[in-house]
Structure formats: C-alpha cells, structure tokens
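Please walk me through this structure in a few paragraphs. I am new to it and would welcome a guided explanation.

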Amino acid sequence: MWGSGILKGLGITFKHLWERKITEQYPEERPKLYPRFRGRLMLNPEKCIVCGMCVKSCPNNVLSFTEARLKESKKKVLTSYTIDHQYCMFCNLCVEACPTNGLYFSHDFEWAAFKREDIKTVYEPDLTGLELLALEEGEKKSAEKEAEDKLLKGVNAMIAAIKKNPARALSKVVESEEEALKLSEILGDDESKIKKLAELMVSDKEKAAKVAKAFLIKGQKKEQEG
Amino acid sequence: MKGAETFFVDLARAIVNGLENMGMSALGAEIILLIIKFACIAGIVTVNIIILIWLERKISGFIQLRLGPNRLGPWGVFQTIADAIKLLTKEDIIPSQTDKIIFRTAPIVFIIISLMLYVVLPFGDGMAIVDLNLGVLYFISVGSLGTIALLMAGWGSNNKWSLLGAMRSVAQMISYEIPLVFSLLAVVMIAGSLNMSDIVNAQDKIWFVFLQPVAFITYFIAATAELNRGPFDMPEAEQELTAGAYTEYSGMRWALFFLAEYTNLFAVSALTAIMFFGGFKGPFLPSWLWLPIKAYIIMLVFFWLKWTLPRIRMDHLMAFSWKVLIPVTLANLVVTGCVLHFLK
Amino acid sequence: MLETDFITINVGPQHPSTHGGLHAETVLDGEHIVDLKVHLGYVHRSVEKIAESRTYTQFIPYNSRLDYLATHLPTMGYCQAVEKLLGISLPERAEYIRVIMAELSRIASHMLFIGSLAIDIGATTGLIYCFRDRERIMDMFEMTSGQRLISSYMRIGGFNEDLPEEFYPAVKSFLDDLPYMLDEYNNLLTGNEILQARLKNTGILSAEDAIAYGVSGPNLRASGVAYDIRKAEPYGIYDRFAFDIPVGQKGDNMDRFVVRIREIEESARIIRQALKDMPEGEIKAKVPRVIKPEKGKEVYHRIESSKGELGFYIVSDGGEKPYRLHVRAPSFINLGVLPLISRGGKLQDLIANIATLDPVLGEADR
Amino acid sequence: MQLSDLVFYALAAFTIIAALGVVALPNIVHSALCLVLTFIGVAGIYFYLGADFIGLIQILAYAGAISVLMIFAVMLLLSRDVSESNPSHKKGKYLAALFSGLFAFLLALSIYSTSWDLTEGAEIVDSIGKIAYMLMGDYVIAFEAAAILLLAAVIGAVILARGEEKR
C-alpha cells in the first residue's frame with residue numbers, strides 16, 4: 001500500500017538495468033541448437049528405397065517423387081524427389097515413417113529465399129549409366145495420369161451408383177424423381193449408354209442433363225410408337 | 001574556468017558590440033542576437049532530441065534485459081538519425097476524410113509551442129533567452145496550449161480512436177495543471193519571485209527539494225501527467241487506443257509529434273531542475289553544464305517510471321488529481337504560507 | 001440534461017491488445033462501455049474439417065495449432081481421445097512424460113498470460129521478464145521434439161523419442177528458479193498499486209454466471225468454483241499427484257490473475273512429483289500402423305487445458321480417417337462472457353478483461 | 001510611425017482577422033480554434049501594453065483552458081456533419097446590424113468622452129505585486145465574493161453531474 005508496491009517494482013527494474021543482457025546478437029552470435037532441432041527437411045537420396053511411406057504419412061502433401069525401374073533387376077529407383085517446404089509443419093511424421101532413415105531434419109534455419117521456386121528442394125539423383133525400364137511410364141504418373149485415373153475412378157463409381165440405386169443417382173441430372181425412374185427404365189441394361197451418361201455426369205453436368213433429356217424424349221417417342 | 005563560465009555571455013556581448021560597431025542601432029543588434037539565440041535553441045533542441053530518443057531506447061532496452069539499438073555506429077548512436085531520415089523520406093499520408101487544415105497544422109502547432117517553452121529557461125548564469133519576470137507563469141501558460149495541438153490532431157484525424165485520445169488528453173491536462181501550478185506556487189512563495197533566475201539564485205544555500213518535498217512529489221506526478229508519459233500516457237495508450245491522437249499520422253508529421261513530446265520532456269525536466277534542484281548552480285563545472293546534467297538525471301527517472309509502471313486508469317487518474325493531489329497541494333500551500341509568515 | 005452520442009468503435013480485429021483476430025464491436029458512452037458484441041472467425045482454418053481428410057496420426061500436428069501457447073495440452077487431449085477410441089493403455093513412463101510436458105505447457109501458457117496482461121495494461125517490461133522465463137520452457141520443448149512453439153512430440157500411444165539427457169538438468173534448474181521468477185512477477189506486477197487499482201473489482205464474473213455460460217478453467221476457478229477436471233474426472237495418471245486447486249473469491253480480474261500465478265506453483269508441484277516417480281521403460285504402446293477404430297464408435301474426451309475444459313469428440317466410421325471430429329474449445333466458450341463482464345466498465349477495463357480471460361484465437365476460431 | 005506602433009497594428013489586425021474567422025467560418029470547430037487565436041492576439045496586446053501578468057493569465061485561462069473546454073463541448077455535442085455547423089443567420093441581419101451599430105456608437109461615445117492622460121515613462125515594474133496588493137487589500141471583498149461565486153458554481157456543476165449519474 002501507499003506506493004510501496006510501486007517502489008518494489010522500481011527496485012526490480014533498477015536491478016535489471018545493470019544486469020547482463022539476455023538477448024542473442026544473432027548474426028554474430030549463433031543460437032544454441034539442440035540435437036533434435038528441426039530445421040530444413042532433407043533427404044539422403046542414396047538411402048531412399050522408393051517405398052512412398054513418407055508421402056503417405058505427410059499430413060500436408062509436402063513430399064512428392066517420381067520413380068522408375070531398373071531394366072535388369074526390376075528394382076525401383078528414384079528419379080526425382082521434391083520437398084515443398086512452404087507447406088511443411090515440421091511434425092516429424094515422415095522422418096518417423098521412413099524405414100531407412102533417409103529423411104532427416106538438418107539444423108539449417110536460415111531459409112530466406114528471393115524466388116518462390118527456391119522454397120522447393122528438388123533432388124535428382126545421378127542415374128547415368130543405369131538402364132531404366134519404363135522411365136516414361138513412371139514419369140507419366142504425373143498430373144495427367146493422375147487426373148485420368150481420378151476421372152476413371154469417378155466414372156466407375158458413378159456407373160456403380162446408377163446400377164445400384166438409379167432413382168437417386170439419376171435425379172441429379174433430371175428434374176424429378178419420376179423422370180429419373182423413367183430414365184433408368186430407358187437405360188435398362190445398356191452398358192454403353194450408362195457409361196456415356198456416367199462419364200458426362202462426372203465431367204460435364206450440364207451436358208449430362210441435356211443428354212438425359214434427349215434420352216427421355218427418345219424413350220417417350222419409342223413408348224408412343226410402341 | 002572563469003572563461004568557460006562566462007563563455008556564452010561574453011560571446012553574446014561580443015556579437016552585439018560587433019554589430020553596433022558596424023553601425024547598427026542597439027535595438028537592431030539586440031533583435032539579431034535574439035534571432036541567433038532562437039536558431040541556437042532550435043539546433044540544440046534537435047541534437048538533444050536525437051540523443052534523448054536514443055537514450056530512452058537504450059535505457060528501456062537495458063531495463064528489459066535487451067541491448068537496445070546497437071547496429072548503427074558505436075552503441076547504436078546513429079539509430080535515431082537513420083530513423084529520422086527514414087521518416088523524412090516517407091510518404092506523407094493524409095486520409096481523405098480528415099479536416100485537412102487542422103490535420104496538417106496540429107503537429108506544427110505542437111512543436112512551436114514546445115519550442116516556445118525554451119525561451120525563458122536560464123541555461124546558465126544570465127543565459128536565458130528572455131529573462132522574463134514572470135518566467136514560471138509563462139512556462140505554465142504556454143505549456144497549457146499544448147492541449148490544443150493534441151485536440152486539433154484528435155479532431156482533425158476524424159478517427160474515433162484519435163478523438164478518444166484527444167478527449168483523454170484534455171481531461172488529463174486540465175486536471176493536472178492545477179496541482180502543477182499549486183506545487184510550483186509553494187516554491188515561488190519561498191523564492192518570492194516568478195523569475196527563474198531569481199528562483200535559482202534563491203537556492204544558493206539549500207535546494208528547494210529539501211524545503212518543499214511534498215510540493216516536489218506532487219509536482220513530479222503532475223508533470224509526468226502533463227508530459228503524457230507513462231504511467232499517464234493516456235492520449236497515446238497504444239494498448240487501448242492503438243495510438244490515440246496520433247493514430248492517423250505518419251512520416252514526418254508523426255515524427256514532429258514525437259519531437260515535440262521529447263522537447264517538452266527536456267523542458268519540463270529542466271524546469272524541475274530549476275525549481276527544485278538549484279538549476280544551473282553547482283560546483284566545479286561551468287553553470288551551463290549543470291542544468292543539462294541535472295535535467296538528464298531527472299529525465300532518466302522519467303524513463304525509469306515509464307518502463308516500470310502499468311498505465312493508470314482514466315477515472316482513477318482524474319480522481320487522483322482532484323481528490324488527492326489538489327487537497328495535498330492546497331494544504332502544502334497553507335502550511336508554507338503560515339511558516340513563511342511566522343519566520344518573517 | 002445534455003445528451004451525448006454513443007460512439008461505436010471496433011476494438012480489433014487489428015488492435016494491439018486483442019490477442020489475435022478478435023473483434024469486439026463496442027458501443028461507448030465517453031469511456032464507458034454501453035454494449036459489446038464479439039465477432040469471431042478471423043483466423044478460422046476449418047481445423048475440424050481438415051481432420052476429416054487426415055488420418056488419425058496425421059492430425060496430431062494440427063492440434064498444437066489450436067492452442068499454440070500451450071502446445072502439448074491440445075495434443076495430449078487429442079491423443080488420449082484417440083487412445084480411448086482404440087482402447088489402448090499407455091506404458092507408465094509415457095504417461096509420466098505426458099504429465100510433465102502438459103504441465104510445462106501450462107506454465108508456459110500462464111507465463112505468457114502474465115506477460116501479455118502486463119503489456120496490455122501498459123507495463124511493457126513485465127512482458128519481457130515473462131518471456132525470458134518462458135524461453136527456458138521453450139528450450140526444453142526444443143530439446144525433446146526439436147520444435148519450440150508448436151512441437152508435435154506426442155504420438156498416439158505414447159512417444160517416439162524418449163526424453164533426452166539434457167532435459168533433466170534443465171527442468172530441475174527451471175523448477176528451482178521458479179519461485180524467484182514468481183517473486184519477481186509479484187514484486188513488479190501483483191504488488192503494484194496501479195495494477196491492483198485496475199484489476200480489482202473490474203470485470204467481475206459471478207460463480208452463477210460463470211457456470212451458466214459454461215466458463216471453465218482458471219476463469220471459473222477465479223469465480224470461486226473449485227472445479228478442475230484433473231481432480232473431478234482424472235485422466236491419464238493425474239489421480240496419483242497431490243496438488244491444490246487455487247480458487248478466487250470475487251471473480252474479478254485480479255482473482256483471475258492471481259489464480260493463474262498460483263496455478264504455476266501447483267503445476268510445478270506436479271512436475272516435481274512426476275519427475276520423482278517416473279519409471280524407466282517403454283515409451284510407446286503397441287499401436288497398429290494404420291489406425292482404424294471400430295465402425296460407429298464415438299468418444300468424447302476432455303482434459304483441463306490451460307484455458308479450461310478442452311474436449312475432443314471423435315466419431316469413427318471404421319476408416320483410417322475420423323468421420324467427424326469436434327473440438328470443445330475453452331477459449332471460444334470463455335469469450336462468451338466478455339460482453340457480460342465488460343458492460344458498464346471502462347474501455348480500459350475491456351482491455352484488461354480480454355487479457356484476463358486469456359483467449360487464444362487459434363482455438364476460439366479453430 | 002514608430003516600430004512599436006507597427007507591432008500594435010499587427011497585433012490588432014491579427015486579432016480582428018481571427019475574430020472575423022470566429023464569426024464567418026462555416027465549420028464551428030474552425031471557429032473555436034480561431035477563438036483561441038483571438039485570445040492569443042488579445043494577450044499579445046496586453047504584453048504590448050506592459051500588462052504581462054494579465055496577458056499570461058489570458059493565455060493560461062482563456063486560450064489554454066476555457067477555449068479548450070469550448071472545443072471539447074463542441075466536439076461532443078456536434079451532430080454528424082460539421083462542414084456547415086456554424087451557419088450565418090441571415091434572417092436577423094438587420095437586427096444584428098442595428099445592435100452592432102448601437103454598440104459601436106456607445107463605444108465611440110465612451111472613448112471620446114474619456115480624457116486620456118498620457119504619462120510618459122511610467123513603466124510598471126512589478127505588476128504582479130501590485131495586483132496582489134489590490135486583490136488582497138482594496139478589493140478583498142469583491143475578490144472573495146467572486147471566489148465564493150465560483151465555488152458555488154463548481155458545487156452546482158458537481159451536483160448536476162452526480163444527479164445525472166444516479167438516475
């Protein structure tokens with residue numbers, strides 16, 4: 001009371017005024033890093049056995065790689081390995097997942113880069129002298145192939161859905177459930193027609209609706225004729 | 001030693017004599033001398049503030065176990081200059097909805113007012129620019145105008161934070177001016193003069209801080225509030241009002257405010273030294289060195305307070321002034337008056 | 001009489017003392033707060049939705065990003081929830097390490113609370129001293145997991161790496177120095193008359209209101225309700241430790257401040273006991289490589305985080321990713337009382353109120 | 001014309017222009033700030049006349065405190081738009097002219113009916129001492145009456161403010 005607390009506080013700051021300073025003078029004085037410090041994520045490409053565990057374990061899609069097989073032994077080899085550091089959370093999950101300890105965190109923490117591309121680290125092991133099999137196939141498993149695969153997967157799922165519960169699946173392209181039922185009747189077991197419609201439903205909804213309508217009209221005409 | 005003591009006074013006389021010898025009238029020579037004096041003050045103030053800002057940053061750093069600026073020049077002494085250059089070259093942003101004239105003039109008014117405070121300070125024996133008979137009163141009344149500048153800044157910015165800051169500063173300055181004046185009045189009563197040189201000379205034997213400890217404490221608190229320094233930095237109050245009255249200012253206009261604040265700080269510290277610590281009186285060193293030394297020591301206390309204490313709440317601040325400081329200073333005045341009466 | 005207009009002023013989302021993207025739309029009458037509306041969502045990252053697209057293990061690092069000031073506490077809550085879902089029990093040593101890391105996180109969080117409260121009410125220097133001491137905890141986190149602020153050290157089923165050798169002397173010396181640190185805070189801040197004047201009798205939250213609003217953690221205990229999940233419903237091995245629940249009387253800002261300082265002492269007590277009793281041995285339970293809980297199983301697990309009751313509700317659909325994950329974030333619920341305790345106060349009280357409620361916006365917005 | 005006369009005319013012009021600004025400016029905040037300038041100009045004239053104490057009190061009380069309070073009140077009570085907050089009242093302009101003329105006439109009358117005794121070189125050295133003796137001696141009753149009046153005003157203001165709060 002009566003200012004004694006204030007005086008105590010002033011005493012503390014006065015004491016600290018003369019104490020040794022605790023701040024690190026960074027560029028000259030390097031911070032002390034502990035052995036487990038997680039700096040930049042690095043790969044030792046020689047240790048990589050191209051198992052893909054790291055990619056599966058990563059929560060944030062930091063890691064990606066391309067692979068190929070050796071012509072003789074059919075052994076998988078790494079053709080390139082990309083670490084996109086801007087998404088890295090330093091969670092250590094990939095390091096723990098790596099069976100050969102090929103991934104590790106270095107103690108490098110000075111990351112400043114002037115270009116966006118520099119944030120990525122790309123490893124391209126020297127493969128000269130090795131005869132590679134299906135290198136192209138391996139490479140093709142990039143964006144294009146992936147998109148193709150995805151589309152195929154979607155179409156297959158859609159076909160299955162149409163076969164399983166036509167009313168529900170088709171109601172997305174037509175206006176009412178009745179129409180959907182009718183449409184499913186019209187389609188019947190015609191695989192090619194179903195496939196065509198499913199493809200359109202996955203890739204282009206509007207066109208699918210148009211085609212569905214055309215099917216309906218055609219079916220109605222057939223009904224009237226029949 | 002004798003030469004050093006009267007160096008500036010002799011210099012001034014030499015200039016006047018020289019001008020008169022060149023065929024100028026006495027009044028003209030005096031006016032030219034006055035202009036030279038003002039120019040000197042402006043220069044000294046600017047250099048002084050560069051040192052002051054550096055010093056405050058150093059002191060706050062040391063208190064907080066940091067080193068403060070330490071990259072530019074030895075111990076970072078050129079940091080303030082670098083900052084000043086940066087602020088000077090910065091774009092002057094004036095928000096579109098402001099009251100342009102008021103917004104632009106506010107910092108200039110503030111700096112002019114704070115520079116005007118220096119006119120009456122006796123920097124050494126016979127070294128006041130104008131040795132006004134009512135020096136103390138002049139200091140207080142000109143100082144009170146600073147509120148208007150803050151008010152102009154707060155209003156002109158057309159920003160609610162700024163307006164709140166301005167409102168706070170007005171309430172605070174008006175409440176703390178009264179205890180400030182009353183505390184100084186006790187000293188004036190003992191010295192029997194409002195002339196600063198006379199007050200200093202009256203402290204030949206004993207400093208007034210020992211005769212008037214209560215007045216000194218109340219004065220110091222009120223002066224901290226008048227300077228808007230922590231723990232009374234209401235108008236600025238970063239944590240509450242973002243930057244209070246200065247929110248919309250940037251670049252050089254913003255820098256002018258800070259220049260003015262530090263100018264005020266030095267002026268008030270010098271006034272404290274004059275009123276309570278014997279001003280320019282001191283052994284060994286020439287008189288014009290003693291005042292800056294004392295003022296700097298007082299300023300260090302201001303820094304120390306600011307970097308230790310939390311900010312007081314607005315209503316407590318007002319209550320403290322009206323319910324504690326004013327009664328105490330009034331009682332102190334009565335006691336001083338009675339004692340003086342019976343001693344005579 | 002004269003009537004003045006109310007001023008509507010936006011405290012935040014960009015404001016020096018709103019602890020992140022908190023936005024308080026405040027109606028002021030002069031300096032008095034007439035009304036207050038809290039707007040949230042400025043740092044919403046849809047963490048709960050992210051969880052649905054990550055495997056159980058992959059979601060671990062995201063937890064630290066909820067309450068990034070007490071990194072191990074949310075991670076611990078999540079890991080224990082998943083372990084409950086899987087029906088795994090941990091090796092003894094792992095349980096002890098968890099308690100030590102959790103309590104260290106609590107101390108770190110409370111130290112930051114003291115520092116940020118100090119700077120919010122204008123005592124800039126208090127912040128630096130608190131950070132200086134919190135730095136030692138951060139160093140310990142760096143020793144154990146290599147990361148300082150948001151270290152993902154815990155794993156489902158325990159830990160992957162044991163405590164390093166240099167950790168023990170560090171934590172011992174920290175615990176030895178802790179009383180001096182607290183002394184310093186008390187002398188610089190708690191005893192300070194200005195701080196007392198600002199915190200006492202402001203932002204009063206009565207026990208009834210606190211319970212009605214679902215406030216938990218130190219904020220609830222400051223209102224005089226001795227409720228701590230570590231005691232009320234012990235999780236992990238918390239039933240083995242002796243510690244007190246500090247409570248306040250009035251529920252004002254000062255109580256919330258003092259309760260946290262005393263909680264630091266209690267946490268230190270727990271760490272001391274845990275260090276003494278910690279056995280050697282395994283640090284990770286046997287966990288399948290791909291975690292697939294039973295279909296349709298759901299679990300709610302709650303822990304006492306530094307901010308209050310932190311709950312994780314997980315529903316499994318039998319896949320390797322959670323079907324639904326919900327976080328009961330204490331900061332979010334504690335913020336609900338901000339208008340209640342701020343109404344009628346001053347603008348400066350609002351700043352103190354926000355500081356003593358100690359919200360972490362990463363958690364409130366998720 | 002002497003140099004000192006020039007100072008007087010400059011001060012007078014400054015004061016009058018500022019006073020015109022108070023009346024004519026459309027923005028009432030600008031008017032209030034002009035009022036501050038007017039007060040400072042008047043204080044300057046006091047200095048010019050050697051009444052330095054009165055001049056400083058003019059600055060301290062009027063420019064530093066009263067006008068600040070006026071600006072304060074204006075800011076708090078103003079409606080949203082300030083650009084036309086000080087409208088010129090054209091309706092009563094003839095009435096205003098009449099009263100102004102009357103006032104000017106009275107002023108002129110009093111000026112011309114006074115005999116202005118000029119005393120050479122009667123410089124006031126210690127104005128503040130003289131004022132003190134007058135206030136505490138000859139006019140002590142008037143002084144105390146004014147003090148009591150002000151005290152009553154302060155108490156009244158406090159009661160008014162408190163009453164508002166209680167309700």
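This is a predicted model: local features need pLDDT of at least 70, side-chain atom pairs count only at pLDDT 80 or more; totals for chains, interfaces and linings use all residues.

Chain D has 167 residues, and 23% of them count as buried.

Chain A may be approached through its domains. The domain assignment divides out domain 1, covering 41–126, and domain 2, covering 139–215. Between the C-alpha centres of these two domains of chain A there is a distance of 38 Å.

Chain A also carries a positive surface patch, whose members are A:Lys196, A:Lys207, A:Lys210, A:Lys218 and A:Lys222. The element that gives the most to this patch is helix α9 of chain A, residues 205–225, which supplies four residues. A:Lys207 is located in helix α9 of chain A and belongs to the patch. The relative accessible area of A:Lys207 is 48%. A:Lys207 is therefore classed as partly exposed, because that class lies between the limits of 20% for buried and 50% for exposed.

B:Leu19 stands 13 residues from B:Ile32 along the chain, and the C-alpha atoms of the two are 8.8 Å apart.

Notes: Residues are numbered from 1 along each chain as its sequence is written. Chains are lettered from A and ligands numbered from 1 in the order in which they are written. Side-chain values use heavy atoms; hydrogens and water are left out. Patches are made of residues with over 30% relative accessible area and no salt bridge: like charges are joined within 9 Å, nonpolar side chains (Val, Leu, Ile, Met, Phe, Trp, Tyr) within 5 Å. Accessible areas come from the Shrake-Rupley method with a 1.4 Å probe; for residues, only the protein chains shown count as cover. A salt bridge is a side-chain nitrogen of Lys or Arg within 4 Å of a carboxyl oxygen of Asp or Glu. Lys and Arg count as positive and Asp and Glu as negative; His and the chain ends are not counted. The place of a charge is taken as NZ of Lys, CZ of Arg, CG of Asp or CD of Glu. Helices (H or I, at least four residues) and strands (E, at least two) are DSSP runs, numbered from the N terminus. Buried means under 20% relative accessible area, exposed over 50%, partly exposed in between (1.4 Å probe, protein chains only). Domain bounds come from an automatic or database domain assignment.
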